[in-house]
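Let's walk through this one together, from the overall make-up down to a few individual residues. Keep the structure open as you read.

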Amino acid sequence: MSRPLLTLSQLLSQPQSDRAIAWVADRTTTRRAECPLTLADLRRDVARVVTRLQGQPVRRWALCYQESYPFAVALLACGYVGCQVVLPGHNRLAQLAELAEHLDGVLTDLPLEPGLNLPWPVCSTVGDETIEGETPALPEWTTELSCVLFTSGSTGQPKAIPKSQRQLEAELAIQWSLWRSQWQGGRILATVSHQHIYGLLFRVLLPLCAGVPFASQNLEFPEQICQWVADHPGESWLLVSSPAFLARLDPKLAVAGCRLLYSSGGPLPHAAALQSQQLFGSLPVEIYGSSETGGIAWRQASQVDTPWQPLPGLEVSQDEQGCLRLSSPFLADAQPWLTTDKIALHADGFTLLGRQDRIVKLAEKRVSLDEVERRLRALDWVAEAVVLPLEQGARQSLAAVLVLSAEGERQWQRLGGGHFMLDLRQQLRPWLEPVALPRRVRCVTTLPRNSQGKLPYLELKELFDVPLS
């Protein structure tokens, strides 16, 4: 029988003090080893950080942690003292200056840079033994945890997204209702950051509240998963991952014991989903949603056009333009949320058709960037494509960043860049109006993506600031 899902305020009041919460790297030995941390350890560490926070005039703490266990300690400590948690989306302290108006201090497990001139206190909460004697008692949890996440869209400007404890726990309960049978007896491994909503929920909060231990360290490379499996023969595990990670797996990789595999943060190519199933023995559970909405739907794509299933308790409909309208308990209020994702509704779910906000106007004509990308990817010469609008003086035109197929690379070498571009545009003419044909192209070996699988559009635009050699 599965353990009931706890609320955050109930978590540290449980009597099973020896229950494993997380595993951290053993720093006392040179060989690969892990130390289990128990509920008693978590209670002690949270109480110590609570004591530190109670002596500070700071009310809004940015959490910048590389590892998930100390992150969880700081998060819970902020909940106990009623401080707001700010998640910047990265943990590079020097970049926090752009968020200065949103925070009053920084909690971190990173080494503090000497001479770093920041306008607020920066406190390391790892290895702090300044509190002597017995572990201080925890106060009552009398306030609601408040989080503010930051995400960047195509503009690259940070956008503040507040999340209440109610919203977070509403999604935890629904996700747990779907997956709890596969979670029992496993351990959570992750390749994504806890600084974003997907990692926050699946890597930290759901394991804590469900009583399923998680690995504190992030896995950056597929080889680390192979090594972990070799070091833990016969153990069951779950992987919280992203399309960026799963799409670059070595087809020779083979690991055992994966009970459930998650992917979120962007579209997972169907070929990558099938390869993941072959390598891990588990077809990825794709989670569709956003920082603003939380989870919206899920699917296991056995076919290319497998529909998305709305999460239990959520209602999906369309507006007049065919965009997804959402009613969800994960939202801040009862008002429906209108997304910019165009969908087609079916009796068994819905399919995604691209984003409404990826419509641009060129020479008085509406052009879908998603449509141009689809047409490019359909060509024999192109493996992947991203299209973006560029300003050239007073004129706007389209540019494309391409990953070429083997045939495309041969044609690039044979024709040269200029003639390759002319032929590429000619192949697109049967489907696209002249104004929608990309005028500039850059070829890369792989599309850059961040840890959440998102494309950094500002970085892509910078490719066109450098003249072709």
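Contact here means heavy atoms within 4.5 Å. This is a predicted model, so local features need pLDDT of at least 70 and side-chain atom pairs count only at pLDDT 80 or more, while totals for chains, interfaces and linings use all residues. Residues are numbered from 1 along each chain as its sequence is written, and side-chain values use heavy atoms, with hydrogens and water left out.

First, the overall picture. The protein has 10 helices and 24 strands; these are DSSP runs numbered from the N terminus, with helices being H or I of at least four residues and strands E of at least two. Buried residues make up 49% of the 469 residues, where buried means under 20% relative accessible area, exposed over 50% and partly exposed in between, using a 1.4 Å probe and protein chains only. Among contacts between residues at least 6 apart in sequence, 59% join residues at least 24 apart.

Now for the inside. A nonpolar core is a set of buried Ala, Val, Leu, Ile, Met, Phe, Trp, Tyr and Cys residues joined through side-chain atoms within 4.5 Å. The largest such core has 79 residues, and Leu42, Leu63, Trp183 and Tyr262 touch the most other members. Apart from it lies another core, of 23 residues, including Leu369, Leu376, Trp381 and Leu402. In soluble globular proteins, nonpolar side chains tend to be buried together.

What does Tyr262 contact, leaving aside its neighbours within four places in sequence? The partners are Trp179, Trp183, Tyr198, Phe202, Leu239, Val240, Ser241, Ser242, Val285 and Ile287.

Leu260 sits in strand S12 (residues 258-264) and counts as buried because its relative accessibility is 3%. Beyond four places in sequence, Leu260 is in contact with residues including Trp179, Trp183, Leu239 and Val285.

Not counting residues up to four places away in sequence, Ser276 touches Leu246, Leu249, Leu261, Gly281, Ser282 and Pro284.

On to helix packing. Helix H3 (residues 165-183) packs against helix H4 (residues 197-210) at an angle of about 70 degrees, with their axes 10 Å apart. Axes are lines fitted to C-alpha atoms, for helices over the stretch in contact, and angles run from 0 to 180 degrees between N-to-C directions. H3 is therefore roughly perpendicular to H4, given that angles under 35 degrees count as roughly parallel, over 145 as roughly antiparallel, 65 to 115 as roughly perpendicular and the rest as oblique. Among the residues making the contact are Leu168, Trp176 and Trp183 of H3 and Leu201, Phe202 and Leu205 of H4.

The other pair is helix H1 (residues 39-54) and helix H2 (residues 68-81), which pack at an angle of about 55 degrees with their axes 8 Å apart. That makes H1 oblique to H2. Leu42, Val46 and Val49 are among the H1 residues that meet H2, where Tyr69, Val73 and Leu76 are among the partners.
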